[in-house]
Amino acid sequence: IDDLEDEYDFKQRRATELVEKLFDPNHMAYNKFSSSIKKSNQLFSNQLNVTRKMVELDSDNNELVEKEIDDKIKTLETFIDKMDDLINELVIHLSSNKDDADDINNLFNEMDDLIHSVKDY
């Protein structure tokens with residue numbers, strides 16, 4: 001769990017740096033991505049805390065609890081994967097200097113869907 005937290009923290013810092021390099025703070029995309037990263041951070045942190053608490057309280061290695069912990073870990077890994085996807089798209093966008101932001105917008109929508117699905121869960 002600590003490794004997942006470290007990996008996520010590194011990637012979200014990198015994504016934030018790239019957003020700051022790519023977009024002017026007054027640009028709508030800057031606010032959109034910054035807000036998405038912030039929401040992702042909050043939900044990741046919440047899921048991380050819940051997972052840690054479950055591990056701490058599961059003294060009997062209950063099979064049902066173990067499955068829920070595995071599900072929480074998969075959710076945390078999904079956040080990391082989406083942050084990685086965001087980094088990759090931002091790097092591609094930065095290096096190509098292209099005006100077509102469809103790939104980034106699609107990724108933003110996927111991140112938004114992930115955030116909403118975790119909230120619903």
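A contact means heavy atoms within 4.5 Å. Among contacts in the protein chain between residues at least 6 apart in sequence, 71% join residues at least 24 apart. This is a predicted model, in which local features need pLDDT of at least 70 and side-chain atom pairs count only at pLDDT 80 or more, while totals for chains, interfaces and linings use all residues. Residues are numbered from 1 along each chain as its sequence is written, and side-chain values use heavy atoms, with hydrogens and water left out.

**Overall layout**

- The protein chain has 4 helices and 0 strands, where helices (H or I, at least four residues) and strands (E, at least two) are DSSP runs numbered from the N terminus.
- Along the sequence the pattern reads α-α-α-α.
- Of the 121 residues in the protein chain, 34% are buried; buried means under 20% relative accessible area, exposed over 50%, and partly exposed in between (1.4 Å probe, protein chains only).
- The protein chain exposes about 7500 Å², of which carbon and sulfur atoms supply 45%; the areas come from the Shrake-Rupley method with a 1.4 Å probe, and for residues only the protein chains shown count as cover.

**Helix α2**

- Helix α2 covers residues 28–57, and its 30 residues should span 44 Å at 1.5 Å a residue; the end C-alpha atoms are 44 Å apart, which agrees. The expected span is 1.5 Å times one less than the number of residues.
- Buried residues in α2 include Tyr30, Phe33, Ile37, Phe44 and Met54.

**Nonpolar core**

- The largest nonpolar core has 24 residues, and Val19, Phe23, Phe44, Met83, Leu86 and Leu90 touch the most other members. Such a core is a set of buried Ala, Val, Leu, Ile, Met, Phe, Trp, Tyr and Cys residues joined through side-chain atoms within 4.5 Å.
- At least two residues of this core come from each of α1 (2–22), α2, α3 (63–96) and α4 (102–120).
- Leaving aside residues up to four places away in sequence, Val19 touches Tyr30, Phe33, Ser34, Ile37 and Leu90.

**Aromatic pairs**

- Rings of Phe, Tyr and Trp (its six-membered ring) pair if their centres lie within 6.5 Å; planes under 30 degrees apart count as stacked, over 60 as edge-to-face and the rest as tilted. By this rule there are 3 aromatic pairs.
- Tyr8 and Phe44 are stacked, because their ring centres are 3.9 Å apart and their planes are at 10°. Tyr8 lies in helix α1 and Phe44 in helix α2, so the pair ties together parts 36 residues apart in sequence.
- Tyr8 is buried at 1% relative accessible area, and Phe44 is buried at 2%.
- Phe23 and Phe33 are also stacked, with ring centres 5.7 Å apart and planes at 20°. Phe23 is in the loop between α1 and α2, and Phe33 is in helix α2, 10 residues apart.
- Ring pairs link Tyr8, Phe44 and Phe79 into a cluster.

**Salt bridges**

- The whole structure has 7 salt bridges, each a side-chain nitrogen of Lys or Arg within 4 Å of a carboxyl oxygen of Asp or Glu.
- Arg52 and Asp2 form one of them, with the closest N and O atoms 2.6 Å apart. Arg52 lies in helix α2 and Asp2 in helix α1, so this pair ties together parts 50 residues apart in sequence.
- Asp2, Glu5 and Arg52 are linked in a network of salt bridges.
- Lys11 and Glu7 meet in a salt bridge at 3.1 Å, N to O; Lys11 is buried at 13% relative accessibility, whereas Glu7 is partly exposed at 34%.
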